[in-house]
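Here are my notes from an afternoon of looking things up in chain B.

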Amino acid sequence: MKLSGKVAFRDIETGIWVLEGDDGKTYQLDGGDRNIKKDGGRIEADGEVVRGAMTIGMVGPVFRVKSYRFV
Amino acid sequence: MTKSLSLRLLVGLGVVVFAAACQEDRGAAESEELTQRALETTPGPVKAIAPRSGDLGNRVAGAIVVDFKDGTSIDEVNELEEGWGVDLEWNSVEGEEDGIALAVGVEDLEGALAEIRGNPDVESAEQLVEYGVPEGDEARWEATPARGPAAEDSGEGFRPNDPDYDKQWNLRQIHMPQAWEKTHGKGAVVAVLDTGIAYEDSGDEFKQVPDLKGARFAKGYDFVNDDDHANDDHGHGTHVAGTIAQVTNNKEGVAGVAFEATLMPVKVLNHFGSGTSADIADAIRWAADNGANVINMSLGGGGYSQVMANAVAYARKKGVVVVCAAGNAGRGQVEYPAAYPGAVAVAAIGPDGIKAPYSSWGKELDIAAPGGNKSQGEQNGILQNTIDPRDPKRSIYAYYQGTSMATPHVAGVAALLIASGGKTPDQVEKALFQGAEQAGGSAWTDQYGHGRLNAEKALAALKNPKEVAVVEERVTEVAVEEGTEAADVAGAEAPTNWSPLLWAAGLLAVVLVTLRGRARPGYLNVALKPGFLIAVLLSTVGLFFLPWIGGSHGSEVLETIRLPIPDWLEKIIFGRGKLANPLVYSALLPGLLGLFGIKGKAFRPIVGGMAIGFAGILAYSAFAGAPALSWLPFTFLAIPWLVINAGICLLIARAMLKKEAA
């Protein structure tokens, strides 16, 4: 699935990266390369939501990025 | 039985079946709402185990996890798998014990699962869920933390000499100095299911952090790499373990809650913080089998998993207190595993005692504990010794915030309670909840559960049940007076729900309608006999409403008869009536008593009342949509099971009343 939104760092637990999706949901980012970690950066990403996933971040569904680009 | 009688009875039964069928036909959204309503009003069970709709998402393609009945051998599995066309292997060395097996590369996943679930040797089977976890390498930490807030040091109690103890506002907030006067948690074993603990010096790879030097460790297990060395390669688990049992009064670093307790390192999340449902379920059972008194799970966010729910129920049955994080999404939904029955769900508060903005909350919440609130400054986080996420060999002192940080405070106090003589999870949880500082004077709120953790008061509640009983009565009064939603949910601890009795009355009316007009007055006479009425009452709601049968007077017998009869067995075996047992939630008991009782005139009204009562509570459970039946491999069978058995109970009741009235 494709998602767009803003990449953000959340200082929760040991620190996590999320995608504040334009659909109003917060996704915990997974996958993608290191460069995706740009606080405030807007991206369009293709990937899948691992909605059954359990995390120590516990902020929302995990979005596993296959590919992305900054817009 | 005459033809017309049978017909009328069938019509009566049909009403019940139809009502239940309508129930099943409603949309997912509505069934969710019903589950919620059931959660608020069902007596006994605090949490429904029905899966929430909508949170079962993508899972590992072609991979399944099967939970065989404990003791199933690999030979039996090999024999079975041939018929299923899958290649199952034990998930870990625990397989022989706990029966959790994995298969990958399964082509027809749904077909295989359906077939596997149909086998009587299988407890549950589902697609494997892979757990994603946040990357930790951007953690903000300070090697030398800033000065913490001067959380008031009353000067009372034990004051450890750890140099950074002043920065641990969280420990003073939960009254640790006073609690440390009583106990340090010696003898209690706390399993930390996380990314591991930096507890061993092992070659070039791992190094014990200095403030865990001298701590007590039980034999651990690494479920990620399948070995005996559950060292931390992430940083989260060591921080969590530090809150529980950081070495204290050693002139090094910081303090921990139960610093003489024994830590059991159990690694279930890898160096990226990823893990699988199979590993976590295995680990829960492993910890319970290897002497853990408390399990700390500072993880969450997954969908409902029957395998996990069973594992939590198993641990609880073995007397383990299971403590889990409520979640960091800041929303009104407690994450799994905290939301499973049998788990203590923990929310996070800041230094001001107010719920932290990130902390999730909701119906299943049990208690609130310090998790920090760094939006008011770094020093308002929770400070412990852990490893540098960039270099597992390097020790750091880090301020983290999260419900993960709140959870080990509760696990630590649970260890103190166990070290002070707390025997069962029931006793420990009761002391935790009754010792908690109520939020706004309410017995329970969905933001703070039973209130804010207080170690000193929890220990007092354990030692002095009489005093606690008084507190509880007052609590109940407040809750009822306010008539708020909190009062409804507080009912989970002290059921205040009459619905099953109303259902029984309704069904009695159905039975009466199916009788011949002339005979009705005779039946009605029977139905007004004290034996009948008491049997109905005991079967449907129990004696919770009698003030002198309080919850904490210590008598198991009194505690049991507060509950309706179907919950007694569960209460006697498992310590609390949270899950329903399908054997008892059936027509079995009234049926057996009916066989013996139908001959004795004095027994017939009692058995009749019991049968009507059982029909009432079974039908209500089916209606509520949250029957929470344990040991039923297929949750979809639960409602038909309840409906059919309610019908049989009605037949029994009718036979009893007929014989009596004749």
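The model is a predicted one.

**Entry 1: a cis peptide bond.** I looked up B:P337 and found it in the loop between β12 (321–325) and β13 (343–349) of chain B. The peptide bond that joins B:Y336 and B:P337 is cis, and I noted an omega of about 5°. I marked the bond for a second look because most peptide bonds are trans.

Entry 2: Most residues other than glycine have a negative phi. I therefore listed the exceptions I came across. B:N249 is not a glycine, yet its phi is positive, at about 65°. B:N249 sits in the loop between α8 (236–245) and β9 (262–267) of chain B. I then turned to B:K251, which is also placed in the loop between α8 and β9 of chain B. B:K251 has a positive phi of about 55°, and it is not a glycine either.

Is B:K251 buried or exposed? I counted 8 other C-beta atoms within 10 Å, so B:K251 is exposed. For B:N249 the count is 15 C-beta neighbours inside 10 Å, so this residue is partly exposed.

**Entry 3: a leucine in a loop.** Next I went to B:L88, in the loop between α3 (74–84) and β2 (89–90) of chain B. B:L88 has 23 other C-beta atoms within 10 Å, and the cut-off for buried is 20 or more, so B:L88 is buried. Which residues does B:L88 touch, leaving aside its neighbours within four places in sequence? I wrote down B:V66, B:V77, B:E81, B:A101, B:L102 and B:A103 as its contacts. I also checked B:I100, twelve residues from B:L88 along the chain, and the two C-alpha atoms are 9.7 Å apart.

**Entry 4: a helix pair.** Last, I looked at α16 (residues 499–513) and α18 (residues 530–540) of chain B, which pack at an angle of about 135° with their axes 8 Å apart. That angle is why I call α16(B) and α18(B) oblique to each other. The crossing of α16(B) past α18(B) is right-handed. From α16(B), the contact takes in B:P500, B:L501 and B:A504, and from α18(B) it takes in B:V536, B:L537 and B:T540.

Note on methods:
Residues are numbered from 1 along each chain as its sequence is written. Chains are lettered from A and ligands numbered from 1 in the order in which they are written. This is a predicted model: local features need pLDDT of at least 70, side-chain atom pairs count only at pLDDT 80 or more; totals for chains, interfaces and linings use all residues. Helices (H or I, at least four residues) and strands (E, at least two) are DSSP runs, numbered from the N terminus. A residue is buried if 20 or more other C-beta atoms lie within 10 Å of its own, exposed if 12 or fewer, and partly exposed in between; C-beta atoms are placed from the backbone. Two residues are in contact if their C-beta atoms, placed from the backbone, lie within 7 Å. Axes are lines fitted to C-alpha atoms, for helices over the stretch in contact, and angles run from 0 to 180 degrees between N-to-C directions. Angles under 35 degrees count as roughly parallel, over 145 as roughly antiparallel, 65 to 115 as roughly perpendicular and the rest as oblique. A crossing is left-handed if the near helix is turned anticlockwise from the far one by less than a right angle, and right-handed if clockwise.
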